[in-house]
Amino acid sequence: MDILQIVGIGFLATVLILVIREQKPMFAFLLAVFTGVGIFLALIGKIGDVVSVLDDLAARSGIPSVYLKTMLKIIGIAYIAEFGAQIVRDAGLESIASKIEFAGKMLILVMAIPIISVIVETVLNLLPA
């Protein structure tokens, strides 16, 4: 699915949502959620291609795979938190969306601690004693 099809689906869904929202706001919200999930699922295959290329580059450069997997998990948390926050924001619940984003940031920080500690240890080993 290329970008023109995604934009076309987005425009069509937007028009339908604007028409439905006046009479059935719950259906309009569900249509927005299904459209977002459909677009996300259409792009899952592309994400798999990117992951395989990054995995190949990490293997050739000698970077341990645990760091690549951690980075991919961090990126996944960021995308999922943003996606969930946008869906909740579409429902008009800004405070819940902010909390989802905060939870995503905290999980990213927790996942990044091992990488940050390795970087700090590497820098400390490079400095003269």
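I looked up Asp 56 to start: its relative accessible area is 40%, so I logged it as partly exposed (buried is under 20%, exposed over 50%, partly exposed in between, with a 1.4 Å probe and protein chains only). Before going on, I noted that this is a predicted model, where local features need pLDDT of at least 70, side-chain atom pairs count only at pLDDT 80 or more, and totals for chains, interfaces and linings use all residues. Residues are numbered from 1 along each chain as its sequence is written, and side-chain values use heavy atoms, leaving out hydrogens and water.

**Salt bridges**

Which residue pairs with Asp 56? I found Arg 60, with the closest N and O atoms 3.8 Å apart; the cut-off puts a side-chain nitrogen of Lys or Arg within 4 Å of a carboxyl oxygen of Asp or Glu. Both sit in helix α3, 4 residues apart, about one turn of the helix (helices are DSSP runs of H or I, at least four residues, and strands are runs of E, at least two, numbered from the N terminus). Arg 60 comes out exposed, at 63% relative accessibility.

I searched the whole structure and got 3 salt bridges. Arg 89 pairs with Glu 94 at 2.9 Å between the closest N and O atoms, and Glu 101 pairs with Arg 89 at 3.2 Å. Glu 101 is in helix α5 and Arg 89 in helix α4, so this pair ties together parts 12 residues apart in sequence. I wrote down Arg 89, Glu 94 and Glu 101 as a salt-bridge network. Arg 89 is partly exposed at 24%, as is Glu 101 at 22%.

**Largest pocket**

I got about 610 Å³ of space for the largest pocket. My grid note: 1 Å spacing over protein atoms alone, an open set where a 1.4 Å probe fits, with protein on both sides within 12 Å along at least five of seven lines, and lining residues having an atom within 4 Å of a point. There are 21 lining residues, and Phe 40, Ile 47, Tyr 79, Ile 80 and Phe 83 are closest to the centre. Helix α4 gives the largest share, 9 residues. I sorted the lining into 16 nonpolar, 4 polar and 1 charged.

**Surface patch**

Val 120 belongs to helix α5, residues 94-126, and is partly exposed at 42%.

Definitions and conventions:
Grid points are joined across faces, edges and corners, and a volume is the space filled by probe spheres set on the points. Ala, Val, Leu, Ile, Met, Phe, Trp, Tyr, Cys and Pro count as nonpolar, Asp, Glu, Lys and Arg as charged, and the others, Gly among them, as polar.
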